[in-house]
Amino acid sequence: MLEIKNLTFAYRGTKDVISDLSLEFKEGGVYGLLGKNGTGKSTLLYLIMGLLKPRMGEVMMDGKNTFERHPDTLSQMFIVPEEYEMPNTTLDKYVEALRPFYPNFDEQVLNDCLEVFEMPTNMNLKDLSMGQKKKVYISLALSIRSKVLLMDEPTNGLDIPAKSQFRKALARGMNDEQIIIISTHQVRDVEMIIDHVTMINDNQVLMNEALDPETPVNLEELFLKKIGAL
Amino acid sequence: MNTSNIKNFAKYDLTINKVFYRNMIIMSLCIAVGISALGFMGRYMLYSSATAMGPVMPYDYAHFRNPQVTMVFLSIFIGMLPCIFAGCTFHNLRKKQGRIMELTLPTSNKEKYIWHIIVSVGFGFLLTLASVLVADLFNYLLHICVFGNEYTYSMTAKMFDILSINIPEAELAQQATKFPIYSLLSSMRLLIITSSIMGTCAYIYGNSVKYHYNIIITYGIMLGASIILAIGISVIFGAAHVNVEGDKIKGMSTDEIGMMNDLTILFYCLAAAFATIAGICVWRSYKRYCNAQITTATNK
């Protein structure tokens with residue numbers, strides 16, 4: 001289980017981006033983290049991953065503080081950031097270098113996801129376009145089969161067919177023991193796949209609920225209502 | 001700590017930074033060979049001009065075998081390259097994306113840090129040595145082609161000769177009856193070694209604070225500190241050995257043995273201080289690495 005306890009964080013010289021936030025994420029859930037630009041969605045993902053040190057509070061993954069970055073904890077977590085660089089090497093060599101760190105790595109899942117994305121199984125990563133890099137990175141993330149998978153704006157840079165491929169790849173690649181948190185402001189891209197919504201705005205959690213699969217919801221309208229724009 | 005984790009991290013680092021390491025090797029070799037080539041070209045131009053003047057200005061060929069200026073520049077290269085390597089210890093953290101990958105990789109901070117030190121210090125030192133040897137070989141081959149076998153020697157051997165205190169043993173023993181020369185020589189050697197180590201550690205620490213422009217900033221700080229230290233030592237040591245009669249300075253002390261003893265003590269104290277500073281730099285850089293974040297005040 002992933003627990004966020006009374007988390008407060010501010011970048012130096014700025015006001016609190018996150019203030020006294022407490023949340024819980026359970027296995028088997030696909031959580032949509034929604035909010036306007038600049039509300040701290042990416043910051044929250046970095047705090048969960050242990051990439052930022054909170055001013056107060058803590059993030060606990062199975063009882064361990066994620067900022068301490070224990071290898072055992074890190075091997076169960078993976079983040080797909082909004083922007084990233086691929087190394088100047090082939091996918092095969094990159095996978096061979098990463099594999100020893102992630103005991104649950106599954107090459108079949110990688111090949112399945114690449115097939116969904118219509119990407120070859122071996123390529124030089126530096127030669128890919130931004131959208132292609134994203135597809136490869138998402139495929140890698142899913143094949144690592146970490147307990148916690150964080151995705152920051154995963155559909156940014158993907159064309160419309162690729163967004164549909166993303167949903168298929170995610171459905172194929174995820175499992176019931178995973179906690180998947182997708183941070184996005186492009187609600188329509190993920191509303192078919194998430195089963196739990198957390199909305200944040202101005203340091204407040206506007207909504208933190210499971211979605212009823214029987215009752216489809218227009219998340220965009222719901223979000224606008226929550227922030228008072230509708 | 002697990003050595004297989006260090007090996008896995010090493011393999012990962014070499015895979016993603018293959019181009020970076022290759023470029024560092026090429027750059028080091030090119031600079032060293034370039035210094036050697038330019039030095040030789042300069043000497044050859046002088047030799048050609050001198051032989052063209054012939055009887056008007058007869059010249060001994062021996063002058064043109066002597067690559068002293070080249071050795072000066074190679075010595076600067078030997079001093080600078082390990083510092084540059086040390087300043088690139090945490091090169092993976094230069095960019096935000098690199099920080100994400102490095103800091104979330106499931107290996108302990110200690111294991112990652114050890115690998116970074118092995119590369120920046122160990123590999124840096126070996127590459128410096130290899131570059132100098134290649135430059136030396138290049139110089140030797142050029143000399144063979146132009147001047148023949150008779151007038152060549154190894155620059156590397158000569159530089160080590162100059163660095164080692166090359167005083168005949170009999171003369172040392174004779175001087176030792178008048179001055180505490182053995183202690184002084186030991187203290188000088190220790191000071192040279194500890195100051196080199198401290199310099200390298202300072203660049204490692206500088207890189208842990210700032211991931212961009214750290215080499216220039218660290219160099220500036222070290223230069224400033226060296227100047228202040230040199231002035232301070234000169235003033236204090238000079239003042240301690242000045243003869244004062246009444247309120248007038250009558251000149252420097254003639255107690256040479258006393259000065260030698262004080263100098264020896266000073267060198268040992270400085271060596272101890274440098275070793276301590278080096279240890280603190282390594283410890284603090286490790287702590288900073290453990291607490292590294294994706295964004296900080298000094299690294300955006």
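**Figure 1. Helix α5 of chain A, its length and its covering.** In this predicted model, α5(A) has 15 residues. From first C-alpha to last, α5(A) reaches 21 Å. That is close to the 21 Å expected at 1.5 Å a residue. The helix covers residues 130–144 of chain A. α5(A) is mostly covered, with eleven of its 15 residues buried. Among the buried residues are Val136(A), Ile138(A), Leu140(A), Leu142(A) and Ile144(A). Arg145(A) follows the helix. Its phi is positive, near 55 degrees.

**Figure 2. The surroundings of α5(A).** What do the buried residues of α5(A) pack against? Their partners are β6, α3, α4 (107–116), β7 and α6 (160–173) of chain A.

Figure 3. Strand β7(A) spans residues 148–152. β6(A) and β7(A) pair in the parallel sense. Four bridges join the two strands. Val80(A) has a bridge partner in β7(A), namely Met151(A).

**Figure 4. An open sheet of six strands in chain A.** The strand order is β6-β7-β8-β3-β9-β10. Pairing in this sheet is mixed. Which strands stand at the edges? They are β6 (77–80) and β10 (204–210) of chain A. Each has a single partner strand, so one side of each is left without a neighbour in the sheet. Neighbouring strands are turned by 15 degrees against each other on average, direction ignored.

**Figure 5. Two residues of chain A with positive phi.** Asn6(A) lies in strand β1 (residues 2–9) of chain A. It is not a glycine, yet its phi is positive, about 50 degrees. Is Asn6(A) buried or exposed? Asn6(A) counts as exposed because it has 12 C-beta neighbours inside 10 Å, and the cut-off for exposed is 12 or fewer. Asp20(A) sits in strand β2 (residues 18–25) of chain A. Asp20(A) is not a glycine either, and has a positive phi of about 50 degrees. With 13 C-beta neighbours inside 10 Å, Asp20(A) counts as partly exposed.

**Figure 6. The contact of chain A with chain B.** Here 26 residues of chain A are in contact with 22 residues of chain B. Which elements of chain A give two or more residues to this side? They are α1 (41–49), α2 (71–74) and α3 (91–98) of chain A. The largest share, four residues, comes from α3(A). By class, the side of chain A that touches chain B holds 17 nonpolar, three polar and six charged residues.

**Figure 7. The two domains of chain B.** The domain assignment of chain B gives domain 1 (1–164) and domain 2 (165–300). Their contact takes 20 residues from domain 1 of chain B and 19 residues from domain 2 of chain B. On the domain 1 side, the elements that give two or more residues are α4 (68–86), α5 (96–103) and α6 (109–147) of chain B. This side of domain 1 has eleven nonpolar, five polar and four charged residues.

Note on methods
Residues are numbered from 1 along each chain as its sequence is written. Chains are lettered from A and ligands numbered from 1 in the order in which they are written. This is a predicted model: local features need pLDDT of at least 70, side-chain atom pairs count only at pLDDT 80 or more; totals for chains, interfaces and linings use all residues. Two residues are in contact if their C-beta atoms, placed from the backbone, lie within 7 Å. Ala, Val, Leu, Ile, Met, Phe, Trp, Tyr, Cys and Pro count as nonpolar, Asp, Glu, Lys and Arg as charged, and the others, Gly among them, as polar. Domain bounds come from an automatic or database domain assignment. Two strands pair if DSSP finds at least two bridges between them. Axes are lines fitted to C-alpha atoms, for helices over the stretch in contact, and angles run from 0 to 180 degrees between N-to-C directions. The expected span of a helix is 1.5 Å times one less than its number of residues. A residue is buried if 20 or more other C-beta atoms lie within 10 Å of its own, exposed if 12 or fewer, and partly exposed in between; C-beta atoms are placed from the backbone.
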